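Please open the model in your viewer and keep the selection tool at hand. The tour begins at a ligand and then moves on to aromatic rings.

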Amino acid sequence: MTRDLTIAEVRLTPILVADPPLLNTQGVHQPYTPRLIVELVTADGVTGFGETYGDTKYLELARPLAERLTGRSVMDVNGLFGIDLGVDASRVEGQVDAGGLRGVQSADKLRLSVLSAFEVACLDAQGKALGLPVHALLGGKVRDSVEYSAYLFYKWARHPAGVACEQDDWGAALDPAGVVRQARLLKERHGFTSFKLKGGVFPPDEEVAAVRALAEAFPGHPLRLDPNGAWSVETSLKVAKELGDVLEYLEDPALGTAAMAEVSAGTAVPLATNMCVTTFGEIKEAFTRDAVQVVLCDHHYWGGLRNTRQLAAVCAAFGVGVSMHSNTHLGISLAAMTQVAATVPGLHHACDSHYPWQSEDVLTERLRFRDGRVAVLDAPGLGVELDRDELARLHRRWADDDGALRDRDDAAAMRVAEPGWRQPVMPRW
Ligand code: GKR
Ligand code: MG
């Protein structure tokens, strides 16, 4: 039977999702973070789902794009990427992303962060129409489950007094004992066997002590530390020396390719990044200078699942490892990450995911980590279904917000607790 894969309707639903008070070098997570849910409905009534960042700048591009998609085919993914979104580069280039820590902001990255949600929705719809999982559309899975790493954060027990928020049961983690306690909980609940600590929050010595405590509590388990570029080259090399025997890799110790190349030249500890290689244009310099040994792809800003595979191929050609970066996301994106990760042969490191921190989701059934792994679903498309009541509830939260939370700003969230807080000048240490 021939299916009509013409896009008949596009639905965009901005939502606000509960987020615990997780600390990073910019500040602290807001109590609610914006996400955008994309639905493409074909003439035959098949619906494809996608998800991406939901801040105003993404919405402003997604809305006019949505209006232009009716009448196109969900099969025409190359055509989708040819659409000019008219990004105003002067408003974007070189800006610091207030809630991102994803490297230099660029017009292209912004464009791709929007298009990727539509690409995933196209692939989901294609798979549903053809009765095939997304991984089959990408060439087929090479594994049945994808390994994820426990994403540890320094964390307050709760958001500042007086701030409307959801309660969480993770407790505080502000010292080595708290970090180990959190790691045990994540292992107990999800079975993770590798651990990444988000650093750049406390002076490096304290973070070194936390990683040492993790190494003692979990001997032989892969460990990573990611200060999001908060350290100088000198500090990075000092930490690499102190933790060299226990680190799987050090992630973005210093900011930018030049500094990363200097660190890389001075240590045998592999360096990973989701900050200095975030676009195809940044690859040449970083790889030829041997600035990084692992690239952490984020399908949102790399431009989708097909680009993720292209990135993996380039990394393989240069002998550079590849794995997945994560920023706050829900189950649609976790399903998409898992589908593409399942198709990449050279995925040698557990992927990152914030998902355990998200108590809310828009899926009828939450995805589960078992032994730290997510099963690769073989159902058509992404294999997930939308919980429309929950989607509507989270959208009402967005609609009711006066605008204060619609753009993630970790420094502004920090100022609620510490009014004098400024976005730190890098390197901090
Ligand atoms: O959510 O606080 C956070 C992270 O710091 C995030 O913003 C980063 O993009 O997780 C990310 C990373 O690995 O750098
Ligand atoms: Mg990182």
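Select H325 together with ligand 1: an N or O atom in the side chain of H325 lies 2.9 Å from an oxygen atom of the ligand, a polar contact in the sense of a pair of N or O atoms within 3.5 Å. Taken alone, ligand 1 exposes 350 Å², and the protein buries 100% of that (accessible areas by the Shrake-Rupley method with a 1.4 Å probe).

This is a predicted model, in which local features need pLDDT of at least 70 and side-chain atom pairs count only at pLDDT 80 or more, while totals for chains, interfaces and linings use all residues. Residues are numbered from 1 along each chain as its sequence is written, chains are lettered from A and ligands numbered from 1 in the order in which they are written, and side-chain values use heavy atoms, with hydrogens and water left out.

Colour the two domains next (bounds from an automatic or database domain assignment): because domain 1 (7–135 + 387–400) and domain 2 (139–375) both give residues to the shell around ligand 1, the ligand lies between them.

Now select W170 and W357, whose ring centres are 4.7 Å apart with planes at 50 degrees, so the pair is tilted (rings of Phe, Tyr and Trp, the last by its six-membered ring, pair with centres within 6.5 Å; planes under 30 degrees apart are stacked, over 60 edge-to-face, the rest tilted). Finish with Y148, F192, Y355 and F369, which ring pairs link into a cluster.

Technical notes
A polar contact is a pair of N or O atoms within 3.5 Å; within protein, one must be able to donate a hydrogen and the other to accept it, and residues adjacent in sequence count only if both atoms are side-chain atoms.
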